[in-house]
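My notebook for this one is open. I'll go through the sheet, the cores and the rings, and jot down what I look up.

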Amino acid sequence: MPEAKRVVVWGTGVVGSMVIAEIVRSPAFELVGVGVSNPAKVGRDAGEICGIDPVGVLATDSVEELIALRPDALVHYGPTAQHADDNIRVMGAFLRAGIDVCSTAMTPWVWPGMAQTPAAWIDPITAACEEGGASCFTTGIDPGFANDLFPLTLMGLCGEVHTVRASELLDYTDYEGDYEDEMGIGRPPEFSALLEIPELLIMAWGATVPMIAHAAGIELDDITTTWEKWVTPTERTTAKGVVAAGNVAAIRFTINGVYGGREVISLEHVNRIASTPRPTGRPAPRTTSTASTSPARPRSARRRRSGSPTAPDARRPSPAAWPPACAP
């Protein structure tokens, strides 16, 4: 049997805890170190932090200490791109030391050539990879494979593609993560959530749009966004408390790739509290925002590849009311 790969895990949140539990059970891997950002977790057994039996590995916030273990890889489940500088600091140190990195934190890195991604988020990590002769791979569920690799796989079964639409519906009733300031759920309808800002929304989820366009052999003219809110007429109980009547209990947003004046790629997300049918006679406040892309980064080939899915010949109807399956 091949020798077990020695792994350091950074991050013991929801994802990191699940991965640590899998690593300690797998003969293919050896957990040699665990990194944390929360000082309260330093010095504690990683198993205790993750809610499993002790594993004999104590958490540390020292990057240097973990690099000194000379692991085969770092798997990084740190905070989101809101903490980009810290993520780049940690991952860059491992890469410069010649240690490969796999992460879910910096979602724009799913397709790093996206025009909206700041150079300050790309250049340092590229330089670190080159200095250490190491690789950095970003993946995840969404984005990562749910709204990019799934559609790309299905496109590969088609001779011609006119539009691509990926939809995600989530019930946040039992979710304990952050969504109030980010999405405005639980806030009054006049509250402007962070992700209502088109540039931030595109950076958070939009990398898969130019990725799919590249697979289709086209260069997008623009990326646009829409944002809708739904106000609940009654209280809704969640794992985090109560969403009061009159506050936002659901949002729907889209990120759309425009080519030749048409929306050819659309990512739709519906995030809601509870899945009961939406009451009639209570219209959902709607805001529509548009963000234009800056010129795409140069690529060695921009022509349509032979056998690639084609661009649409007819304009797809613009999104109107919430689809029945999406109504909160």
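How many of the seven residues of S2 are buried? I count five of the seven as buried, so S2 is largely enclosed by the rest of the structure. For my own record, buried means under 20% relative accessible area, exposed means over 50%, and partly exposed is in between, with a 1.4 Å probe and protein chains only.

Ground rules before I go on. This is a predicted model, in which local features need pLDDT of at least 70 and side-chain atom pairs count only at pLDDT 80 or more, while totals for chains, interfaces and linings use all residues. Residues are numbered from 1 along each chain as its sequence is written, and side-chain values use heavy atoms, with hydrogens and water left out.

**Entry 1: the open sheet**

I looked up the strand order and got S3-S2-S1-S4-S5-S6, six strands in an open sheet with parallel pairing. Helices (H or I, at least four residues) and strands (E, at least two) are DSSP runs numbered from the N terminus, and two strands pair if DSSP finds at least two bridges between them.

The edges are strand S3 (59-60) and strand S6 (136-138); each has a single partner strand, so one side of each is left without a neighbour in the sheet. I then checked two of the pairings. S1 and S2 run parallel over six bridges, and Val8 has Gly33 in S2 as its bridge partner. S5 (residues 100-103) is joined to S6 by three bridges, also parallel, with Val101 bridged to Cys136 in S6.

Helix H1 (residues 14-25) lies across strand S1 (5-10) and strand S2 (29-35), and runs at about 145° to S2. Angles like this go from 0 to 180 degrees between N-to-C directions, using axes fitted to C-alpha atoms, for helices over the stretch in contact.

**Entry 2: Thr60**

I listed its contacts (heavy atoms within 4.5 Å) and left aside neighbours within four places in sequence: Trp10, Val34, Gly35, Val36, Val42, Glu65 and Leu66.

**Entry 3: the nonpolar cores**

Next I went for the cores, meaning sets of buried Ala, Val, Leu, Ile, Met, Phe, Trp, Tyr and Cys residues joined through side-chain atoms within 4.5 Å. The largest has 38 residues, and Met183, Leu220, Ile255 and Ile265 have the most contacts inside it. Elements giving this core two or more residues include strand S7 (164-171), helix H8 (198-205), strand S11 (248-259) and strand S12 (262-272). S11 gives the largest share, six residues.

Another core, of 27 residues, lies apart from the largest one; among its members are Ile67, Leu95, Trp109 and Ile125.

**Entry 4: S12 and its partners**

Why do I call S12 largely enclosed by the rest of the structure? Because 10 of its 11 residues are buried. S12 pairs with S7 in parallel through eight bridges, and Ser167 is bridged to Glu268 in S12. With S11 the sense is antiparallel, over 10 bridges; there Arg252 has Val270 as its partner in S12. The S11 and S12 hairpin has two residues between the strands, and Gly260 takes a positive phi near 60°.

**Entry 5: rings**

I found six aromatic pairs. Rings of Phe, Tyr and Trp (its six-membered ring) pair if their centres lie within 6.5 Å; planes under 30 degrees apart are stacked, over 60 edge-to-face, and the rest tilted. Phe145 and Phe150 are edge-to-face, 5.5 Å centre to centre with 65° between the planes. Both come out partly exposed, Phe145 at 33% and Phe150 at 48%.

Tyr172 and Tyr175 make a tilted pair, at 4.9 Å and 55°. Tyr172 is buried at 9%, whereas Tyr175 is partly exposed at 39%.

Last, charges over rings: NZ of Lys or CZ of Arg has to be within 6 Å of the ring centre and within 35 degrees of the ring normal. Lys240 lies over the face of Tyr179, 4.6 Å from the ring centre. The charged end of Arg187 sits over the ring of Phe191, 5.5 Å from its centre.
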